[in-house]
Amino acid sequence: QLQLVESGGGLVQPGGSLRLSCAASGFTLDYHAIGWFRQAPGKEREGVSCIDSPDGNTHYSDSVKGRFTISKDNAKNTVSLQMNSLKPEDTAVYYCAVGERISTIQAMCALLWAWTDWGQGTQVTVSS
């Protein structure tokens, strides 16, 4: 049974850092795309960063580029999102999702319907 479990969320002050992890079970990451998405209250879910397999190509939204880094550990079957220089506008529930690569990773990151399975989400709050 395919399952994604996010962890690492919490409360952090502006300028701080958090590292989110997405542990996958029931499948291997070697041949799937993995994405991180977020949804703030009253807003639509949006793609934050995505990574494909096996090439490891990555994509970042303009709002997080230069601050967030996505990485994949095939041996541990996990995908992480290192978030630095956090801002209050980064506050949201963060989700990881898995999908078959059907397009470029940049395109997939913008297409919510392209992702077949989702984790339960982890809350990130950036506030002083």
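Which residues form one aromatic cluster? Select Phe37, Trp115 and Trp118: together they make up that cluster.

The model is predicted, so local features are reported at pLDDT of at least 70 and side-chain atom pairs only at pLDDT 80 or more, while totals for chains, interfaces and linings use all residues. Residues are numbered from 1 along each chain as its sequence is written, and side-chain values use heavy atoms, with hydrogens and water left out.

Start with the pairs. Rings of Phe, Tyr and Trp (for Trp, the six-membered ring) pair if their centres lie within 6.5 Å; planes under 30 degrees apart are stacked, over 60 edge-to-face, and the rest tilted. The count by this rule is 2 aromatic pairs.

Select Phe37 and Trp115. Their pair is edge-to-face, with 5.3 Å between centres and 70° between planes. Phe37 is in strand S4 (residues 33–39), and Trp115 is in the loop between helix H1 (105–109) and strand S10 (117–118), 78 residues apart. Helices (H or I, at least four residues) and strands (E, at least two) are DSSP runs, numbered from the N terminus.

Phe37 is buried, at 0% relative accessible area, and Trp115 is buried at 4%. Buried means under 20%, exposed over 50%, and partly exposed in between (1.4 Å probe, protein chains only).

Phe37 and Trp118 form a tilted pair, 4.9 Å centre to centre and 55° between the planes. Trp118 is partly exposed, at 28%.

Last, select Arg45. Arg45 lies over the face of Trp118, 4.8 Å from the ring centre, and over the face of Tyr95, at 3.8 Å. The rule requires NZ of Lys or CZ of Arg within 6 Å of the ring centre and within 35 degrees of the ring normal.
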